[in-house]
Amino acid sequence: MSNKAVNSMVRLRATLANQHSIGSIKATMSFGALLLIQGVVLLPAQAASTVKSGQRVLMIEMTPALCSMQPTRARMRQCLEGYSLTVSGLDMGYGERCGRGSEPRLTPLQLKVVNRIMPDTTVRSQAWQRYGACSPLSASSYFRQITNYAGGLKLPNELNTGNSYTVSKSRFISQMTRLNSGMSSNSVDLICQKGSRRQSILTDIHVCYEGNDFGTCHDVVDSCGSRFIISGGR
């Protein structure tokens, strides 16, 4: 991510902090704000009458933690450019691994949008092959659904500052539900891995939806315990 974009993010967080303080939450950042900071307009939602209603799971990765804990990721774009958060996929609930090597075809404009939250080509291809191709959606509609969900999701500021924090699970979940209308504690599944000192480090957040609304997560991992570390890469 360029210095210009980082500076824009800092200015936006400062503005939010002055205007919308919620308890201990000083500022928030949504994927939608990140997309707009980059000068990209979200594409409009597209109706898909053939898509069944049911649980969908947006999978968000804590990029600094995974880049540090998994050396094989070191050359990925999100690691090289210092992303705070990235999306790894959207499980639509139709099954897995239907793509068999097929590549998603996106227009240059949509690819520019998706790149802001899924910058790695391999990650996008794997998400499509594993989840998207199993659904009746086209690649364009599948990735549009991802950007729509991500664009409306608000996240605690601690995930975006570049610093590391030790937080309680209950406080973090409380922040998430305060920031996102209609979200309950059962709409979020937190996934952690053990660090070098056997501490729980947050690596993934799964947010569950029923159609366009927040839903209840069914296949819960919940591996973080009562306290965990948010790694900012510093």
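## Packing of helix α6

The buried residues of α6 (121-130) pack against α4 (77-80), β3, α5 (108-115) and α7 (139-152). Those buried residues are V123, R124, S125, A127, W128 and Q129. Buried means under 20% relative accessible area with a 1.4 Å probe, protein chains only. Helices (H or I, at least four residues) and strands (E, at least two) are DSSP runs, numbered from the N terminus. At the start of α6, the backbone nitrogen of T122 has a side-chain oxygen of D120 within 3.1 Å.

The model is predicted: local features need pLDDT of at least 70, side-chain atom pairs count only at pLDDT 80 or more, and totals for chains, interfaces and linings use all residues. Residues are numbered from 1 along each chain as its sequence is written, and side-chain values use heavy atoms, with hydrogens and water left out.

## The largest pocket

A pocket is an open set of points on a 1 Å grid over the protein atoms alone, with protein on both sides within 12 Å along at least five of seven lines; lining residues have an atom within 4 Å of a point. The largest pocket has a volume of about 490 Å³, the volume being the space filled by probe spheres set on the points.

Its lining has 22 residues, with M59, S88, D91, R130 and Y131 nearest the centre. Two or more lining residues come from each of β2 (55-62), β3 (85-91), α6 and β7 (200-210). Helix α6 gives the largest share, five residues.

How values were computed:
On a 1 Å grid over the protein atoms alone, a cavity is a set of points where a 1.4 Å probe fits but cannot get out, and a pocket is an open set with protein on both sides within 12 Å along at least five of seven lines; lining residues have an atom within 4 Å of a point. Buried means under 20% relative accessible area, exposed over 50%, partly exposed in between (1.4 Å probe, protein chains only). Contact means heavy atoms within 4.5 Å. A polar contact is a pair of N or O atoms within 3.5 Å; within protein, one must be able to donate a hydrogen and the other to accept it, and residues adjacent in sequence count only if both atoms are side-chain atoms.
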